[in-house]
Every structure is written in C-alpha cells, then in structure tokens.
Amino acid sequence: MRENNKTRKRAGFTLIEVMIVLFILMIMAGAAVLSYQTYIERARKSQAKIFVDSLAPALEKYNLDIGHYPTTSEGLDSLLNPPGNIDPAKWDGPYIEAKAARVDPWGQPYNYAFPGTKNQGKYDLWSNGPDQIDGTDDDIGNWN
C-alpha cells in the first residue's frame with residue numbers, strides 16, 4: 001500500500017517555523033541583556049555612593065587629629081601617608097586600608113577638593129559617574 005501525499009503526516013518543522021522560534025528567542029535574549037545592563041549600572045552607582053560615604057569617618061578623624069581636612073593637593077593619599085607639611089606626631093593614620101579602591105567602578109580616580117564648592121566649609125568627594133565627565137548631572141558625590 002502506497003502513501004498518498006495528502007494523507008502523509010508532517011515529520012518536521014518548516015523553515016518559517018524555525019525562523020519564528022529563533023526570532024522569539026532573540027527578543028527574549030535581548031530583553032535579558034538589557035535588564036542585566038540596567039542592573040549592573042545601578043550596582044555601579046551604588047558602589048560609588050557607598051565608597052564616597054565610607055570615607056567620611058576617615059576624613060573626619062583626620063580633621064580631628066590634624067585640625068583640618070586634607071588639602072586638594074594632599075588629596076586622599078594623606079589618609080595613607082602623612083603629608084610633609086604637618087606635625088607627624090598629630091597624624092594617627094593610616095585612616096584607610098592601603099587596598100581601599102581609589103578608582104570608581106568606571107575605572108576613574110575619585111575626585112577630592114578642600115575646601116569644597118558644593119559643601120561649604122567641608123570637603124567635596126565625588127565620582128564622575130557613568131559618563132566619566134566631571135560636572136555633569138550623573139556625578140556621584142557627598143552632596144547628593
């Protein structure tokens with residue numbers, strides 16, 4: 001008995017069906033990647049804010065010991081090593097661990113200024129943020 005073409009059952013998928021499934025999978029993968037990138041960017045911003053906030057106690061202790069915050073030229077390095085222009089007996093550091101990251105999540109060094117322009121009478125400490133450009137709205141600092 002011979003099979004008739006009209007009564008034969010389909011044994012596989014057509015090219016169009018395979019293409020539709022691949023298209024749907026690509027859309028789902030694209031949505032997952034976009035969601036992941038958004039999550040990573042949020043995590044980087046949080047990491048930068050946590051670092052900026054975590055240096056506050058070290059800078060305050062330095063201020064209590066020395067009588068002023070490190071100058072802009074002394075920078076955050078004065079939390080690790082005593083600057084040459086202060087009485088070494090007053091310096092009670094290091095105030096931070098040597099391995100403390102001093103680059104932000106985007107690979108740029110954190111910025112420090114004393115006296116601060118955003119925090120009058122105190123210091124400004126900030127990351128340039130995701131765009132890595134200083135002075136833009138995405139900067140992450142101790143004034144946010």
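Visitor: Which residues does asparagine 111 contact, leaving aside its neighbours within four places in sequence?
Guide: Asparagine 111 is in contact with Asp124, Leu125, Trp126, Asn128 and Asp134, once neighbours within four places are left aside. Keep in mind that this is a predicted model.

Visitor: OK, and where is asparagine 111 found?
Guide: Asparagine 111 is found in strand S1, which covers residues 111-113.

Visitor: Which side chain does asparagine 111 join through a polar contact of 2.7 Å?
Guide: That's asparagine 128: the two side chains are joined by the 2.7 Å polar contact.

Visitor: Let's go to aspartate 134. What's its place?
Guide: Aspartate 134 is in a loop, the one between strand S2 (124-127) and strand S3 (140-141).

Visitor: How far apart are the C-alpha atoms of aspartate 134 and asparagine 111?
Guide: They're separated by 8.9 Å, with the two residues 23 apart along the chain.

Visitor: And what does aspartate 134 touch, not counting residues up to four places away?
Guide: Aspartate 134 touches Asn111, Trp126, Asn128 and Asp139. With tryptophan 126 there's also a side-chain polar contact of 2.8 Å.

Visitor: Switching topic: what does the secondary structure of the chain come to?
Guide: The protein chain has 2 helices and 3 strands. From the N terminus on, the order is α-α-β-β-β.

Visitor: Compact globule or more spread out?
Guide: More spread out, because the radius of gyration is 28 Å, well over the 15 Å that the globule rule gives for 144 residues. The C-alpha trace spans about 105 × 30 × 20 Å along its principal axes.

Visitor: How much of the chain counts as buried?
Guide: 27% of the 144 residues. The accessible surface of the chain comes to about 10,100 Å², and 59% of that belongs to carbon and sulfur atoms.

Visitor: Which residues form the nonpolar patch on the surface?
Guide: Phe13, Ile16, Val18, Ile20, Val21, Leu22, Phe23, Ile24, Leu25, Met26, Ile27 and Met28. Together they have about 1,300 Å² of accessible area.

Visitor: Take isoleucine 27, then. Where's its place?
Guide: Isoleucine 27 is in helix H1, residues 15-54. Its relative accessibility is 49%, so isoleucine 27 counts as partly exposed.

Visitor: Last one: what share of the contacts with a separation of 6 or more comes from residues 24 or more positions apart?
Guide: Those residues account for 44% of such contacts in the protein chain.

Note on methods. Residues are numbered from 1 along each chain as its sequence is written. This is a predicted model: local features need pLDDT of at least 70, side-chain atom pairs count only at pLDDT 80 or more; totals for chains, interfaces and linings use all residues. Side-chain values use heavy atoms; hydrogens and water are left out. Patches are made of residues with over 30% relative accessible area and no salt bridge: like charges are joined within 9 Å, nonpolar side chains (Val, Leu, Ile, Met, Phe, Trp, Tyr) within 5 Å. Accessible areas come from the Shrake-Rupley method with a 1.4 Å probe; for residues, only the protein chains shown count as cover. A salt bridge is a side-chain nitrogen of Lys or Arg within 4 Å of a carboxyl oxygen of Asp or Glu. Helices (H or I, at least four residues) and strands (E, at least two) are DSSP runs, numbered from the N terminus. Buried means under 20% relative accessible area, exposed over 50%, partly exposed in between (1.4 Å probe, protein chains only). Contact means heavy atoms within 4.5 Å. A polar contact is a pair of N or O atoms within 3.5 Å; within protein, one must be able to donate a hydrogen and the other to accept it, and residues adjacent in sequence count only if both atoms are side-chain atoms. The radius of gyration is taken over C-alpha atoms; the globule rule is 2.2 Å times the number of residues to the power 0.38.
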